[in-house]
Amino acid sequence: MRPRIFLGFTLPLLLAAGHSFADPFPDADLEQGEQTHMEICVQCHMEKFGGEGGSDIYTRSDRRVTSPSALSQQLTACTTMLNLDLFPEDEHHLAGFLNKHFYKFE
Ligand code: HEC
């Protein structure tokens, strides 16, 4: 009897918590991220690393990004190197897009 009551109580709680924290880049505008990505990121990655839409860099086995914060960092490394001067919102959208399609952190 006891374990059942326990589960009945914690499971919905866990699910509720999981729901609100599942997305490391909440409210990112994925379409805008995709657009920016196509405009300024794809070509260089494609030339250097290949893959459809330059995606090999995100999916290579020795990729650098292994956490949401590393994703933000690497992304900022590229935009800084390029002097892109993106707004933080734009980087947020980009990160959300990359996460949704490639990294899939939760
Ligand atoms: C002029 C070329 C160039 C452009 C343009 C560029 N990048 Fe990169 N990017 C690189 C190179 C080179 C690396 C690999 C760095 C390394 O491995 O040290 C990289 C790596 C990355 C990584 C890390 C991949 C991983 O998991 O290992 C991310 C994320 C990334 N870029 C995001 C972006 C985004 C977003 C943009 C567009 C705003 C962008 N880059 C534009 C050259 C570029």
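A: Helices (H or I, at least four residues) and strands (E, at least two) are DSSP runs, numbered from the N terminus. The structure is a predicted model, in which local features need pLDDT of at least 70 and side-chain atom pairs count only at pLDDT 80 or more, while totals for chains, interfaces and linings use all residues. Residues are numbered from 1 along each chain as its sequence is written.

Q: How many helices and strands does the protein have?

A: There are six helices and zero strands. Read from the N terminus, the order is α-α-α-α-α-α.

Q: Which residues make the contact of α2 with α6?

A: Two residues are in contact if their C-beta atoms, placed from the backbone, lie within 7 Å. On α2 these are L30, Q32, G33, E34, T36 and H37, and on α6 they are D90, H93, L94, G96, F97 and K100. To sort such residues, Ala, Val, Leu, Ile, Met, Phe, Trp, Tyr, Cys and Pro count as nonpolar, Asp, Glu, Lys and Arg as charged, and the others, Gly among them, as polar. This contact of α2 with α6 has three nonpolar, six polar and three charged residues.

Q: Is F97 buried or exposed?

A: A residue is buried if 20 or more other C-beta atoms, placed from the backbone, lie within 10 Å of its own, exposed if 12 or fewer, and partly exposed in between. F97, in helix α6, counts as buried because it has 23 C-beta neighbours inside 10 Å. Apart from neighbours within four places in sequence, F97 is in contact with A28, L30, G33, E34 and H37. F97 and Q35 are 62 residues apart in sequence, yet their C-alpha atoms are 9.5 Å apart. Buried residues make up 17% of the 106 residues in the protein.

Q: Which residues make up the largest nonpolar core?

A: In soluble globular proteins, nonpolar side chains tend to be buried together. A nonpolar core is a set of buried Ala, Val, Leu, Ile, Met, Phe, Trp, Tyr and Cys residues joined through C-beta atoms within 7 Å. Here the largest one has 10 residues: F25, A28, I57, Y58, V65, L71, L94, A95, F97 and L98. Two or more residues come from each of α4 and α6, and α6 has the largest share, four residues.

Q: Which residues come nearest to the ligand?

A: A residue is near a molecule if its C-beta atom, placed from the backbone, lies within 6 Å of it. Of 19 residues around the ligand, C41, C44, R63, V65 and C78 come nearest. Elements giving two or more residues to this shell are α3 (42–49), α4 (56–59), α5 (68–81) and α6 (88–103). Helix α5 gives the largest share, five residues. The shell has 13 nonpolar, three polar and three charged residues.

Q: What is phi of D85?

A: Most residues other than glycine have a negative phi. D85, in the loop between α5 and α6, has a positive phi near 55°. D85 counts as exposed because it has 8 C-beta neighbours inside 10 Å.
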